[in-house]
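Student: I would like to go through this structure term by term. Please set each value against its definition.

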Amino acid sequence: MPAYLSGFGNHHASEALPGALPEGQNSPQTCPYGLYAEQLSGTPFTAPRTQNRRSWLYRIRPTLSHWGAFQKVETGDWRSAPAREVEVPPQPLRWNPLPLPDGEVAFPQGVHTLTTCGDAGAGHGMAASVYALTRSMHDAYFYNADAEMLFVPQQGDLCFHTEMGLIEAEPAEIVVIPRGVKFRLEIDGPVRGYLCENYGAPFQLPERGPIGANGLANERDFLYPQAAFEDREAPSKMYVKWGGDLWATDLAHSPLDVVAWHGNHAPYRYDLRRFCPMGPILFDHADPSIFTVLTSPSEVPGTANIDLVIFPDRWLVAEHSFRPPWYHMNIMSEFMGLIHGQYDAKPNGFAPGAASLHNRLIPHGPDAEVFAAANHTDLKPQKLEGTLAFMLETRLPQQVTRWAWKSSMRQVEYGLYGQKLEPHFLSPLPEGEGSAKTIGFEQGEGEMFQSEPPAGSSPSPGLDRPPSPSGRGKGRAT
Ligand SMILES: O=C(O)Cc1cc(O)ccc1O
Ligand SMILES: [Fe+2]
């Protein structure tokens, strides 16, 4: 079990050999052990200090020496934005879990993109993919120049051998690999999960505002690897995702040859079970932004390129409230996945490994069964347990890939789930009355009156109180 360095965005320092990290300067005339010094930047040199990301790598060979002739490689079902491949009507979309492949599939194959938005080259937006792999990468390495990568394992452990060291992750943990960091992904058996490529600003922790200095995702739970290196000569392949395409070159050695490093542009792991949720402790259902783990800000304040939001175990205690998510139409678009358990708004049809897309201003909310139960349930404190869903919320509408649209995993009927929601309007009108009538109030001379009082009802003071549920009316305008 590797030991990790703890603290989100810290300027970590680690050496795999004693004294490998230069003292007091980044770029000595001769580096310890005859290493090469290389700076890897994740933000422009002049980015404000709070956002600035860069690391210094002390390595056996500079990355430049890995540079051979690159050949373009088929990306399979992996797509990069912009990818406007199909026209999709405005409707909720959902996909069953990706089946595990029969044959041998290693990263970077086995990635299937469901949605993209923005533009990888222009540096905004994201891609949401699912992956299914059956074997480790052998003498193969990868880095992404287009995107920071957020891995959300859903089944099976992942072991990333990165330039900065080893990161292991199991389902319920996430791994973020920044742009330009090379790795080899090893697995023990078949694995499945989600991959978000973030084309925008690197993920950071959200502000806590009045919450204070603690809670939500706490800084110290973010774990960075200790330096570890490979001094290995072997015919190898290095894949680079660059300009929306996949390229490969041959290498004669492992590029994971970083003996020491320091800086804050480095891969990390976070256990989502460490998230300390805050919620409504008296009434109502809060906006899901209270569960933001990480955010990739855009240039517009409060308008994220991506928010990673989770729905973890928690107590529901709100009084006289509809406790599940409310019905809504959201300007941000919502890609969701389920790591384990049941998601409270959609207990059926949304299995672990499944994915859904509620795009910009597509109406959605709890299904009819959830509504019926939540509407009448006894509001004792209730613990949601053994559940972990997540959402990638972006300010941009998401484009669906051709693969996702045509895939047999897509639940073709899902877009109609809302039609099962019946009206429960307690009409004040006698049965049969009121069809095609407009009932309302008009502002008269200093008094309120009903424009067309229904027969048998008192003309004044009008409908000042809704009928009680015990006197449930049937009449409804058709
Ligand atoms: O749509 C969803 O299931 C995600 C979601 C959850 C919630 O509690 C409030 C809003 C929201 O979009
Ligand atoms: Fe939603």
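Tutor: By class, the shell around ligand 1 holds four nonpolar, four polar and one charged residues. This is a predicted model, where local features need pLDDT of at least 70, side-chain atom pairs count only at pLDDT 80 or more, and totals for chains, interfaces and linings use all residues. Residues are numbered from 1 along each chain as its sequence is written, while chains are lettered from A and ligands numbered from 1 in the order in which they are written.

Student: What makes a residue part of the surroundings of ligand 1?

Tutor: A residue is near a molecule if its C-beta atom, placed from the backbone, lies within 6 Å of it. Pro-288, Pro-325, His-328, Asn-330, Glu-334, Ala-345, His-358, His-364 and Met-391 surround ligand 1.

Student: Which residues does Val-258 touch?

Tutor: Contact requires C-beta atoms, placed from the backbone, within 7 Å. Leaving out residues up to four places away in sequence, Val-258 touches Leu-57, Tyr-58, Arg-59, Glu-163, Met-164, Ala-227 and Phe-229.

Student: How do you know how confident the prediction is?

Tutor: pLDDT is the predictor's confidence in each residue, from 0 to 100. The protein chain averages 92, and 90% of the residues score at least 70. Over residues 445–464 the pLDDT is below 50. Where pLDDT is low, the predicted coordinates should not be read in detail. The model scores ipTM 0.99 and pTM 0.92.

Technical notes
Contact = placed C-beta atoms within 7 Å. Nonpolar A, V, L, I, M, F, W, Y, C, P; charged D, E, K, R; others polar.
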